[in-house]
Amino acid sequence: MQIAHDILLRSYRSMRTIRDFEERLHVEFATGEIPGFVHLYCGEEASAVGVCAHLSDTDTIASTHRGHGHCIAKGVGVEGMMAEIYGRKTGVCHGKGGSMHIADLSLGMLGANGIVGGGPPLICGAALSHKVLKDGGVAVAFYGDGASNEGTTLESLNLAMVWQLPAVFVCEDNGYGEATGASYACAGTQKARAAGFGMPYFDCDGTDFFAVHEAAGQAIAHARAGHGPVMLHVHLARWYGHFEGDAMTYRANGEVARERAERDCLQKFRTHVTETSLLDLSALDDIDTSVKDEIEAAVKAAKNAPLPEPADLQADVYVSY
Amino acid sequence: MSKKSFRQAINEALRQEMQRDPRVILMGEDIAGGQGGSAGVVDAWGGVLGVTKGLYTEFGAERVFDTPISEASYIGAAVGAAATGLRPVAELMFVDFVGCCLDQIMNQAAKFRYMFGGKARTPLVIRAMYGAGFNAAAQHSQALYPLFTHIPGLKVVVPSSPYEAKGLLIEAIRDDDPVIFLENKVMYDDEEEVPDEPYSIPFGEANLTREGDDVTIVAFGRMVNFANEAADRLEKDGISCTVIDPRTTSPLDSATILECVEDTGRLVIVDESSPRCNMATDVAALVAEQAFDALKAPIRQVVPPHTPVPFATVLEKLYLPDAARIESAVRSVMAYKKAKQDA
Ligand SMILES: Cc1ncc(C[n+]2csc(CCOP(=O)(O)OP(=O)(O)O)c2C)c(N)n1
Ligand SMILES: [Mg+2]
């Protein structure tokens, strides 16, 4: 699939933004200034970006506890996200949700989710809205290999088929659910699971933007055309602990270093566009510099932003009460 | 006897009961950790906050089961195993995740004995973390003990210290009914003297951590510590409090609560769960109905607002009851004068 120049640049920028955002959080978390649980998406950027490159604000996504990448790829601004993670009033959720609950429904971002397997059923509902309202939208559930074992996920695959929903189930398989390997926790294969429900299955290397873009393009086109739901199985690796503070003693020495050296999606993107003369590296360097500034500004703004006020505690429990 | 953390006390209770009774098994997500990992190590985590660390190493794969992230199936499996000869202790990690498996607890475990005409025993313990104060936000901070307390057939334990945790967990494992055992995640590093040998603390028997003449404070779980703190400060101003730790919300030691209120005539209840239909309303109803004449002042509840738990530290602090709020509630009931007496 030929990818337009501007989409390539935008996608690279998105991936770089996610990387820098997460790397910076890793550093800031260690200072003790960031409260709560933080799950980093480093290493997995090409998945969110390769999928979301095919989506507009009309389309809906549901994310996971590891949600920063999906948010950025769907267009949520880093300043509001950073402020949210710092628990500030200027955060996208006014400091009431934090890292695990970043959402922006106006962008079709139905939220990160603290409940593993929380997203797939919601995405059936979002897909139902798209179908009934005939707005042409599709709904995409990102979920992990670990989440693939939740009853909610398996039931959603079935429901989506039964109702022939425009839903895309993106299984981001990084080989671990917390400290437990997928080889222990997942019986059978994702492919066979999809087949069991009669659902079309696509898979791709999730560290290769072009591979994700290609596979996601086909998967999403299928759902958008009204042919029913699909599964997209993305193979990738996480570069940090399950959450910040996890020493990862369950991973072999050198595993992460090898991933970083051999399967860095940004590096692979750069190599690909140079070899194929798609883009000029200097354009990418410019993006790198500009993203760096953007993240710096977001952190500075977050640190200086006002805290929520006492009245916020009781606000927004209901629409009316 | 030695100083042990809340975490160690729970670990020790599990270990000693597993040594005593081969039918006691453990299951839960990452309760060992590392299975299927590339390092080839197991017992990498010992649970997300390290509470079950070492138990896999000691008891092995026949007794300690890491589960897929499939709460409905493994909690249900624990229920089924309990009904058929094992004594499982299943870890639900955060109690908020009960949303994924409530049927197996509420419609299965809790009801077997009654529905089956007294023929079933379901000696099951479900351990889970609860509570705010960790910036863990709305889906990882709830204090859901009233939810379980509401369901006939379940016993519900909310320990307030390492000593209490060990004795109550041993009791829970030996008990023949399904028990929900809730651990406040902020307390895992709290330390106190805990006996090395096994001991059990009976359910439905409240503990008085202070005895006083003026005000009765009933507090649950972590709130007992705040109540003690408030009572210490009030003591300096000559206000003496009885602090009741009911230990279990089901069964509830209503006799002790009523007796203490008869003695002091004033009641403050501290509960960190959402304020509608929680333990505070339950205890208030009990006392209003059965000790009305003893009351010299209205009952006061120190509870969070009717909102989900907020993320930001400033809001979470406002949300949670603390010693200062308990202190001012006690002062307000002390200051209360009945209109009739004024006239
Ligand atoms: C219902 C539920 N069970 C357990 C958890 C705790 N938990 C949070 S993330 C996680 C692992 C998820 O693994 P996976 O779906 O593979 O996503 P990854 O972390 O690898 O991105 C677990 C067990 C949870 N948040 N919700
Ligand atoms: Mg995973």
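Let me begin with the second largest pocket, whose lining residues divide into 9 nonpolar, 6 polar and 5 charged, and let me say at once that what we are looking at is a predicted model. This pocket holds about 410 Å³ of space, and among the 20 residues that line it, Arg10(A), Ser14(A), Ile72(A), Ala73(A) and Gly75(A) lie nearest the centre. Two or more lining residues come from each of helix 1 (5-30), helix 2 (45-52) and helix 3 (68-73) of chain A, and of these elements helix 1 of chain A gives the most, with 6 residues.

The largest pocket, for its part, has a volume of about 570 Å³. Its lining is made of 22 residues, and those nearest its centre are Cys93(A), Lys96(A), Gly97(A), His101(A) and Asp316(A); by class, the lining comprises 13 nonpolar, 7 polar and 2 charged residues.

Which residues lie nearest the centre of the largest cavity? They are His65(A), Val116(A), Glu178(A), His242(A) and Ile69(B), out of a lining of 33 residues. At least two lining residues are supplied by each of strand 2 (139-144) and strand 4 (176-177) of chain A and strand 4 (87-94) of chain B, while the lining as a whole has 14 nonpolar, 11 polar and 8 charged residues.

Asp145(A) sits in the loop between strand 2 and helix 6 of chain A, and Asn174(A) in the loop between strand 3 (167-173) and strand 4 of chain A, so the pair ties together parts that are 29 residues apart in sequence. Asp145(A) counts as buried because its relative accessibility is 2%, under the 20% cut-off, and Asn174(A), at 9%, counts as buried too.

Finally, a residue in helix 6 (residues 151-162) of chain A, namely Thr153(A). Is Thr153(A) buried or exposed? With a relative accessibility of 1%, Thr153(A) counts as buried. The side chain of Thr153(A) reaches the backbone oxygen of Ala147(A) at 2.7 Å, and, if we leave aside neighbours within four places in sequence, Thr153(A) is in contact with Gly117(A), Pro120(A), Tyr143(A), Ala147(A) and Ser148(A).

Notes. Residues are numbered from 1 along each chain as its sequence is written. Chains are lettered from A and ligands numbered from 1 in the order in which they are written. This is a predicted model: local features need pLDDT of at least 70, side-chain atom pairs count only at pLDDT 80 or more; totals for chains, interfaces and linings use all residues. Side-chain values use heavy atoms; hydrogens and water are left out. Helices (H or I, at least four residues) and strands (E, at least two) are DSSP runs, numbered from the N terminus. Buried means under 20% relative accessible area, exposed over 50%, partly exposed in between (1.4 Å probe, protein chains only). A polar contact is a pair of N or O atoms within 3.5 Å; within protein, one must be able to donate a hydrogen and the other to accept it, and residues adjacent in sequence count only if both atoms are side-chain atoms. Contact means heavy atoms within 4.5 Å. On a 1 Å grid over the protein atoms alone, a cavity is a set of points where a 1.4 Å probe fits but cannot get out, and a pocket is an open set with protein on both sides within 12 Å along at least five of seven lines; lining residues have an atom within 4 Å of a point. Ala, Val, Leu, Ile, Met, Phe, Trp, Tyr, Cys and Pro count as nonpolar, Asp, Glu, Lys and Arg as charged, and the others, Gly among them, as polar. Grid points are joined across faces, edges and corners, and a volume is the space filled by probe spheres set on the points.
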